[in-house]
Amino acid sequence: MAIKKDCIITSLSESEQRDITRLAISAGQRLLQHGAESTLVNDVTCRLGLALGVESVEVSLSASSMVISTRHQGSCITTTRRCQDSGINMQIVTDIQRICILTERGLLDRHDVHHKLEQIQPQRYHRLLVIIMIGLSCASFSRLAGGDWPVFFLTFLASSIGMFVRQEIAHCYFNPLINFTFTAFVTTLISGFGQVYQIGDEPFLAMASSVLMLVPGFPLINAVADMVKGYPSMGLARWTMASLLTLAACIGIVAAMNVLDVWGWLL
C-alpha cells in the first residue's frame with residue numbers, strides 16, 4: 001500500500017532519507033511483533049515516514065517480515081526486517097502511536113523519534129499478580145457457569161498453577177505450541193481431581209473453566225480483522241497460528257483426561 005504526502009516537500013539527503021526509512025520500519029516492526037493488526041501497522045508506518053519528510057511510503061507485510069520503500073525526489077530506498085513474535089503488548093503499540101502523533105504535529109524530529117523508540121521498553125505486571133488475576137478470572141467463570149464455592153476454589157488453584165507453568169515454560173523460550181500443550185495438561189490434571197473425588201456439586205465445571213486462559217482470543221480477533229480489512233494472507237497466517245495453539249491446548253486436555261480416565265464436560 002502506498003501513501004503520498006500532500007504538502008510542501010522539503011529537501012532530504014540520501015542519508016536522511018535512509019534514516020527516516022529505518023525509523024519507519026523500526027516502528028512498524030515493533031507494532032507487528034507485539035500484536036497490532038495489519039491496518040494499524042501499515043497506517044502508522046506510512047504516517048511516520050510522511051511526517052518525517054519523505055514524499056511517499058509503501059509497505060508490504062507478511063506473517064514474519066515486512067518490507068518498506070520510501071520515495072523522495074526521485075530517490076527510492078527499500079529495506080526489510082524480520083518480525084519475530086514478541087508477545088502481545090498494547091502498551092508498546094500505544095507508545096508508538098503516540099510518537100507518530102507527536103511527529104505529525106511537528107513536536108518531534110528524526111533524532112527525537114529515534115531516541116523515543118529506543119526508550120520504549122515493555123512494561124510487565126509482576127508474575128504473582130498475573131497468576132492471581134488469571135486464577136480469579138477463571139474461577140469467576142466457573143461461578144458464572146453455576147459452580148459452587150468448592151468448584152470456585154478448585155478452579156482458582158488449577159488455573160493459577162497452570163499459569164505458573166505457562167510462565168516458566170515461556171521463560172525457557174520453548175515453542176508456544178509446547179507451552180500450550182503442557183499448560184493445558186497440568187491445568188486439566190489438577191482440576192480433574194475434582195471429578196475424581198467429587199469436589200463440589202458440578203466438578204466438571206472446574207475442568208472447563210480452568211483452561212479458558214488458553215483461548216487465543218486476541219490472535220483470532222486480529223485474524224478476522226486482517227481478512228476483513230484487505231490483508232487475507234496475514235489473516236490466514238494468524239488464523240492458522242491461533243488454530244494450532246487451540247489444537248495444542250486440546251491435546252494437553254485430552255491427554256490429562258486419559259491419565260485420570262475422567263472425561264468431565266466432554267461427555
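Ten salt bridges, written here as 10 salt bridges, are counted by the rule applied, which asks for a side-chain nitrogen of Lys or Arg within 4 Å of a carboxyl oxygen of Asp or Glu. The model is predicted: local features need pLDDT of at least 70, side-chain atom pairs count only at pLDDT 80 or more, and totals for chains, interfaces and linings use all residues. Residues are numbered from 1 along each chain as its sequence is written, and side-chain values use heavy atoms, with hydrogens and water left out.

Side chains of opposite charge can pair when their charged atoms come close. Glu 14 pairs with Arg 18 in a salt bridge, with 2.7 Å between the closest N and O atoms. Both residues belong to helix H1 (residues 14-33); because they are four residues apart there, about one helical turn separates them. Helices (H or I, at least four residues) and strands (E, at least two) are DSSP runs, numbered from the N terminus.

The domain assignment gives domain 1 (14-119) and domain 2 (127-260). Such bounds come from an automatic or database domain assignment. The C-alpha centres of the two domains lie 34 Å apart. Domain 1 brings 12 residues to the contact and domain 2 brings 10 residues, where contact means heavy atoms within 4.5 Å.

The size of an interface is often given as the accessible area lost when the parts come together. Domain 1 and domain 2 bury about 910 Å² between them. Carbon and sulfur atoms carry 58% of that area. Buried area is the accessible area (1.4 Å probe) that two parts lose on being put together, summed over both.

One salt bridge is found across this interface. Lys 229 and Glu 37 meet through their side chains in a salt bridge, at 2.8 Å from N to O. On the side of domain 1 that touches domain 2, helix H2 (residues 38-51) gives the most, with three residues.

Leu 40 lies in helix H2. Leu 40 touches Leu 31, Val 93 and Gln 97, leaving aside residues up to four places away in sequence. Leu 40 and Leu 220 are 180 residues apart along the chain, and their C-alpha atoms are separated by 16 Å.

The UniProt annotation "transmembrane region" (unreviewed entry) covers five listed spans, including residues 177-198 and 204-224. Residues 177-198 are 91% helix and 0% strand, with end C-alpha atoms 31 Å apart. Residues 204-224 are 67% helix and 0% strand, with end C-alpha atoms 32 Å apart. UniProt positions are given in the numbering used here, feature names are shortened, and annotations may be inferred rather than shown by experiment.
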